[in-house]
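Have the sequence and the model open as you read.

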Amino acid sequence: MIRDALAIVDNAGSAAPFISRVLAFAEERQAQAEIAVLTPSPYFAEALLPLGGMYVPEDVLARDDRSKVDAIAALVKEAHSKASVFGLHDDVAWLAGDVRRSRQVADLILIGGPEEWETLWLRRRVLETSILASGTPTVILAEGRSLGAVRRAVLGWKPSAEANRAVHDLVAIAAEGARVDVVVVDQELRADGGDEVCRHLDRHGLGPVLHRLEAEGMHEADVIQGFALRGAADLLVIGGFGHSRFREVCFGGVTRYLVDHAQVPVMLSH
């Protein structure tokens with residue numbers, strides 16, 4: 001049951017559609033939405049981040065932060081939703097950690113797509129910190145996509161602690177009797193072909209259907225997300241950062257791919 005949702009943005013302009021979707025999500029679930037507005041110190045170029053920051057007096061940065069918070073608070077007020085807004089301002093390298101320390105407990109963390117952020121480096125840092133260090137399931141709401149009742153979900157499965165956590169988080173958010181398509185890619189490489197997780201989901205009253213798919217040269221994330229798109233899934237669920245961060249950065253991974261290319265609502269658990 002979701003009663004406390006934290007959404008994170010860094011502007012009031014391009015993020016306005018995302019905020020509207022967050023407020024609709026909270027209203028449908030009778031949940032409280034908190035919106036964190038991040039104001040990083042100015043920097044020379046995003047390509048240089050996290051280096052290349054410029055010194056700005058604290059009072060100037062705080063004034064910018066208040067301006068952003070006021071703009072988003074106005075959007076919330078117009079929507080008459082049960083929500084609150086707070087701001088954080090700091091060097092861009094520390095903002096993700098500031099969010100984690102200031103709001104340590106929530107049922108769900110919501111973050112918009114790349115098009116809805118001004119600083120993409122900051123978005124990636126916030127997502128990585130949220131997935132790896134918050135202990136809270138993180139949902140990427142792709143541009144133009146809302147998250148209503150989860151009546152059909154796709155679970156990207158491979159045996160790992162992260163995938164187990166994703167299963168528990170899925171059970172908590174899925175509607176009663178929801179259908180869950182369990183997708184295993186390149187099944188011959190897996191010790192667990194998905195039967196056990198299907199038994200577990202069935203015991204929770206969900207309707208699991210197992211699909212063993214071959215990648216056939218495609219990125220594993222494309223296979224799973226393509227399946228979710230074709231089936232009009234409400235939510236795609238995976239364990240986040242199942243590989244080491246070094247391997248994710250150097251060789252790519254499902255998590256890192258979906259962080260930048262999510263086309264459906266994606267929930268990542270760790």
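## How the helices are compared

Axes are lines fitted to C-alpha atoms, for helices over the stretch in contact, and angles run between N-to-C directions. The model is predicted. Two packed helices are described by the angle between their axes and the distance between the axes.

## α1 against α2

Start with helix α1, residues 16-28, and helix α2, residues 58-79. Their axes come within 11 Å and cross at roughly 40°. Angles from 65 to 115 degrees count as roughly perpendicular, and those under 35 as roughly parallel. α1 and α2 are therefore oblique to each other. The crossing of α1 past α2 is right-handed.

Which residues make the contact? From α1 come Ala16, Ile19 and Leu23. From α2 come Ile72, Leu75, Val76 and Ala79. By class, this contact of α1 with α2 has seven nonpolar residues, no polar and no charged.

## α3 against α4

Helix α3 covers residues 95-102, and α4 covers 120-133. The axes of α3 and α4 come within 8 Å and cross at roughly 40°. α3 and α4 are therefore oblique to each other. α3 passes α4 in a right-handed crossing.

On the α3 side, the meeting residues are Leu95, Ala96 and Arg100. On the α4 side, they are Leu122, Arg125, Val126, Thr129 and Ala133. The contact of α3 with α4 divides into five nonpolar, one polar and two charged residues.

## α7 against α9

Helix α7 runs over residues 220-230, and α9 over 254-261. How do α7 and α9 pack, and at what angle? The angle is about 55°, with the axes 9 Å apart. That makes α7 oblique to α9. Their crossing is right-handed.

α7 brings Glu220, Ala221, Asp222 and Gln225 to the meeting with α9. α9 brings Val254, Tyr257, Leu258 and His261. The residues of this contact of α7 with α9 are four nonpolar, two polar and two charged.

## The cavity

How many cavities of 30 Å³ or more are there? The count comes to one. The largest cavity has a volume of about 30 Å³.

Its lining is made of Arg124, Glu128, Phe241, Arg256 and Val259. Two helices from the pairs above return here: α4 and α9 each supply at least two residues of the lining of the largest cavity. By class, that lining has two nonpolar, no polar and three charged residues.

## The second largest pocket

The lining of the second largest pocket divides into eight nonpolar, one polar and two charged residues.

## Points to check in the viewer

- α1 with α2: trace the contact from Ala16, Ile19 and Leu23 to Ile72, Leu75, Val76 and Ala79.
- α3 with α4: find Arg100 of α3 and Arg125 of α4, which are among the residues that meet.
- α7 with α9: find Asp222 of α7 and His261 of α9, which are among the residues that meet.
- Largest cavity: locate Arg124, Glu128 and Arg256, which are among its lining residues.

Notes
Residues are numbered from 1 along each chain as its sequence is written. This is a predicted model: local features need pLDDT of at least 70, side-chain atom pairs count only at pLDDT 80 or more; totals for chains, interfaces and linings use all residues. Side-chain values use heavy atoms; hydrogens and water are left out. Ala, Val, Leu, Ile, Met, Phe, Trp, Tyr, Cys and Pro count as nonpolar, Asp, Glu, Lys and Arg as charged, and the others, Gly among them, as polar. Axes are lines fitted to C-alpha atoms, for helices over the stretch in contact, and angles run from 0 to 180 degrees between N-to-C directions. Helices (H or I, at least four residues) and strands (E, at least two) are DSSP runs, numbered from the N terminus. Angles under 35 degrees count as roughly parallel, over 145 as roughly antiparallel, 65 to 115 as roughly perpendicular and the rest as oblique. A crossing is left-handed if the near helix is turned anticlockwise from the far one by less than a right angle, and right-handed if clockwise. Contact means heavy atoms within 4.5 Å. On a 1 Å grid over the protein atoms alone, a cavity is a set of points where a 1.4 Å probe fits but cannot get out, and a pocket is an open set with protein on both sides within 12 Å along at least five of seven lines; lining residues have an atom within 4 Å of a point. Grid points are joined across faces, edges and corners, and a volume is the space filled by probe spheres set on the points.
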